[in-house]
Amino acid sequence: MSNLNGLTPKQIVEKLDQYIIGQEKAKKAVAIALRNRERRFHLSEDIRDEVAPKNILMMGPTGVGKTEIARRLAKLVNAPFLKVEATKYTEVGYVGRDVESMIRDLMAVGYNNVKQEMEDQLREQSLPKVEEKLLDLLLPGSENKKSQKKEDSNVSDNVIQLTSPIMSENQQDSKNETREKFRQMLKDGKLEDREVEVTVKKSPRGPSMEIIAGGSMDDLQAGMQDLQNLLMGGRSKKKMVTVREARKILMEETLDSMIDTDKVTDIAKDRVEQSGIIFIDEIDKIATKGGQSSGRDVSREGVQRDILPIVEGSKVNTKYGVVDTTHILFIAAGAFSMSTPSDLIPELQGRFPLRVELESLKKEEFKRILLEPKNALTKQYIALLGTEGLTIEFSDDAIDRMSFLAEDVNSRSENIGARRLHTIMEKVTEEISFTADEHSGETIVIDSDFVDKRLEGVVTDQDLSRYIL
């Protein structure tokens, strides 16, 4: 099911505006695609399965927000999200990863997300169990035992009568008293650094379906290792760790025992099939220029043909079961500086009906990127250096100067979009970051003169790319 919580397309765009500056057309397109998913869930069953997602093709230079839009979109609705690069896949029959592995990877992401959610829900409930296990490690032999069954065999009764009841009760009371004292010390955090011996178990898993599905060599090796662990009953070893570390280990083991993996798999599979998003970057790199189909272009076209059935809707074997890709949303992106979307095979072009061209960033966008988003670069550097007790302030003319330089360098050399700001900001704050511990309690104002001084070689030289890149 979708997790939009009633967000309208306008509200989705507003959420994206908090992190991404500009690119209104792209935001609008993805917002509509997301809202259509919500609408589909309200349709009757006879038509719901007929409504396929409208896949999107984003075109624009690097660093303008293509990946960030898709990532923030998935995070907004808590959908399984996977970013892949088209160039890392090879045609079936060649050495490398097959395109179906992207579905297996997405399913793994979905499974881990659902498992983490269940762990968070059960964490509070697992605390008493973890505490008891820690006490067992701290006080071997003091395990809490439930009342003995009163009616065992006659032999058992006779053996019990031969022991001293008073001595047994006194010993048990003493153990219980000691255990309670340690429990209180544990709660007070007085035993965190004490070492205990824990047995770390690696639970065996079933052999990976990638063996059957014809995955890559890495997948095959991982599957064979899983099979070996299964046949050997899993691996375990003892090691000495602090109580603090033991708590984490025991918490993980306890949560694993409490979680129903079949339920996790079912939820994850449904979420991936109905809400999954795959972002295929650098799709322009597998386009065959001008319809050529010789040499390396043969492999490129082969990858396109292998991607086609995945995007159209097919069933892929994974170790979590068979996944139907019909309703997974695919967002492809590329700079298309050396090729055009028409260089893709016609069938694949048809599977990305929505096309959005992202615009190159200018000085005004760079200024907004430095100041407005929740994760703005200036806010990041202020927070980082603040941990050293150093306060830095960016003046308006400094923001203007860095924005101008970013636009100027992008126009003179390779256009890498907002990533240019990262390089400029790092160079401007390099000396401050290096000596921050020596200026604790001070306030440093970064203005345009400060920027020019730190980028002196860049400002005076015409070939800016020699310095900034």
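What follows is a short walk from the whole chain to single residues.

**Before you click**

This is a predicted model, with residues numbered from 1 along each chain as its sequence is written. Local features need pLDDT of at least 70, side-chain atom pairs count only at pLDDT 80 or more, totals for chains, interfaces and linings use all residues, and side-chain values use heavy atoms, with hydrogens and water left out.

**Stop 1: the whole protein**

Show everything as a cartoon: the secondary structure comes to 20 helices and 11 strands. Helices here are DSSP runs of H or I with at least four residues, strands are runs of E with at least two, and both are numbered from the N terminus. Of the 469 residues, 42% are buried. Buried means under 20% relative accessible area, exposed means over 50%, and partly exposed is in between (1.4 Å probe, protein chains only). Take the contacts with a separation of 6 or more: 78% of them link residues 24 or more positions apart. A contact means heavy atoms within 4.5 Å.

**Stop 2: the largest core**

Now select M102, I103, I278, I280 and F330, the residues with the most contacts inside the largest nonpolar core, which has 57 residues. Helix α5 (residues 101–138) gives the most to this core, with 12 residues. A nonpolar core is a set of buried Ala, Val, Leu, Ile, Met, Phe, Trp, Tyr and Cys residues joined through side-chain atoms within 4.5 Å. Apart from this core lies another one, of 55 residues, among them A26, I56, A74 and A406.

Which residues is I278 in contact with, leaving aside its neighbours within four places in sequence? Select L82, V84, M102, I103, L106, I328, L329, F330 and I331 to see them.

**Stop 3: helix α4 and its cover**

Select residues 66–76, helix α4, and pick out its buried residues: K66, T67, I69, A70, R72, L73 and A74. What covers them includes the helices α1 (9–17) and α2 (24–40), along with β1 (56–59), β2 (81–85), β5 (277–281) and β8 (329–334). After α4 comes N78, with a positive phi near 55°.

**Stop 4**

Select α16 (residues 396–412) and α17 (residues 419–434), whose axes come within 9 Å and cross at roughly 130°. The axes are lines fitted to C-alpha atoms, for helices over the stretch in contact, and the angles run from 0 to 180 degrees between N-to-C directions. The two helices are therefore oblique to each other. Angles under 35 degrees count as roughly parallel, over 145 as roughly antiparallel, 65 to 115 as roughly perpendicular, and the rest as oblique. Show M402, L405, A406, V409 and N410 of α16 against R420, L421, I424, M425 and V428 of α17 to see the contact.

On the α14 side the contact is made by K363, F366, K367, L370 and L371, and on the α16 side by residues including I399, D400, M402 and A406.

**Stop 5: helix α10**

Select residues 243–258, the 16 residues of α10, which reach 22 Å from first C-alpha to last, close to the 22 Å expected at 1.5 Å a residue. That expected span is 1.5 Å times one less than the number of residues. Its buried residues are V243, A246, I249, L250, M251, T254 and L255.

**Stop 6: single residues**

Zoom in on E273 in helix α11 (residues 261–275). Buried or exposed? At 12% relative accessibility, E273 counts as buried. Beyond residues up to four places away in sequence, E273 touches V322, V323, D324, H327 and I328.

Next, find Y19 in the loop between α1 and α2. Y19 is partly exposed, with a relative accessible area of 25%. Along the chain Y19 and N375 are 356 residues apart, yet their C-alpha atoms are separated by 6.7 Å.

E282 is not a glycine, but has a positive phi of about 55°. F336, in the loop between β8 and α13 (346–350), isn't a glycine either and has a positive phi of about 50°. At 26% relative accessibility E282 is partly exposed, whereas F336, at 11%, is buried.
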